[in-house]
Amino acid sequence: MRFHKYHALGNDYLVLDPADFPTWRPAPTAAQIRVICHRNFGVGSDGILWGPLPAPDGAFGLRIFNPDASEAEKSGNGTRIFARFLWDQGLAKGPALTIATPGGLVRADTTDGGRVIVMDMGRVSFDSAVIPVTGARREVLNEKIQVLDREFTYCAATVGNPHCVIPLPEISEELARTYGPHLERHGNFPNRTNVQFLKVRDRRNPQIEIWERGAGYTLASGTSSSAAAAVARRLGLIDREVTMHMPGGKLRIEIGDDYAIRMTGTVNKVAEGTMHPDLFAVKV
């Protein structure tokens with residue numbers, strides 16, 4: 001039961017190759033996912049990357065599981081980590097590769113021995129029917145939402161997974177931890193949502209605090225950076241090329257005319273090892 005642990009700006013994932021788990025088909029169970037990701041009873045991570053899986057046209061298939069055992073359509077940091085894993089294992093034939101996720105294809109270019117990954121994340125959409133967001137079909141921009149004791153103005157977007165972006169003059173970890181879980185499960189979002197609290201420091205330096213669907217407060221997120229940057233650009237607040245600042249570090253984001261996102265960031269290998277069967281004696 002071999003695992004490979006990596007982090008991308010403090011957002012850590014465990015890569016589990018299905019070839020190492022012949023009895024775990026087609027995927028680990030919810031109970032296995034929860035205990036593996038648990039910070040006290042398991043190996044500890046922000047999620048599991050299950051792959052490579054069969055995929056068409058030479059792509060590497062990937063499924064992404066959150067610590068609560070829900071499945072994510074796409075993850076920017078997760079796919080960067082997976083690209084590094086494929087490079088480290090010699091599975092990639094060259095620096096460029098394609099990863100097939102439930103949220104769509106992403107193209108990765110590995111540089112600096114796999115430690116820096118340039119990722120084409122796909123196009124961001126603000127369409128309520130695609131995200132999805134309840135109500136009549138529309139672009140979800142500058143709408144009101146009530147959570148606990150506060151009313152926020154929010155925008156919604158998808159880059160293969162749903163995001164709720166809330167621009168504010170000041171943001172904090174406390175803000176994300178207080179309101180993030182309620183926004184994640186708000187009735188406006190039938191599939192739940194990732195949440196970003198966005199501060200634009202200047203036109204080239206936006207900043208976000210993140211509450212990630214199925215994972216909680218998170219130090220960094222690639223899809224969150226992509227969605228928040230696209231929203232800020234759509235609102236006319238930032239330039240096309242920016243540095244997204246997060247508690248775990250920085251990502252370079254390039255925004256195309258059609259809101260296609262190109263993201264550049266680091267990946268660090270943490271450890272690899274073997275999970276002992278005793279790990280699964282505990283239920284969490």
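The expected span of a helix is 1.5 Å times one less than its number of residues. Helices (H or I, at least four residues) and strands (E, at least two) are DSSP runs, numbered from the N terminus. The model on display is predicted, so local features need pLDDT of at least 70 and side-chain atom pairs count only at pLDDT 80 or more, while totals for chains, interfaces and linings use all residues. Residues are numbered from 1 along each chain as its sequence is written, and side-chain values use heavy atoms, with hydrogens and water left out.

**First stop: helix α2**

Select residues 76-88, which form helix α2. At 1.5 Å a residue, its 13 residues should span 18 Å, and the end C-alpha atoms are 18 Å apart, which agrees. How many of its residues are buried? Eleven of the 13 are, where buried means under 20% relative accessible area, exposed over 50%, and partly exposed in between (1.4 Å probe, protein chains only). Among them are Gly76, Arg80, Phe82 and Leu86. Next, select Gly90, which follows α2 and has a positive phi, near 75 degrees.

**Second stop: Ser75**

Select Ser75, in the loop between β5 (71-72) and α2. At the start of the helix, a side-chain oxygen of Ser75 reaches to within 2.8 Å of the backbone nitrogen of Gly78. This is a polar contact, that is, a pair of N or O atoms within 3.5 Å; within protein, one must be able to donate a hydrogen and the other to accept it, and residues adjacent in sequence count only if both atoms are side-chain atoms. Ser75 counts as buried because its relative accessibility is 7%. Leaving aside neighbours within four places in sequence, Ser75 is in contact (heavy atoms within 4.5 Å) with Tyr13, Ile64 and Thr223.

Select Val242 in strand β15 (residues 241-246). Is Val242 buried or exposed? Val242 is buried, with a relative accessible area of 3%. Beyond its neighbours within four places in sequence, its contacts include Arg203, Pro206 and Leu251.

**Last stop: Phe41**

Select Phe41, in the loop between α1 (30-37) and β3 (48-53). Phe41 is partly exposed, because its relative accessible area is 47%.
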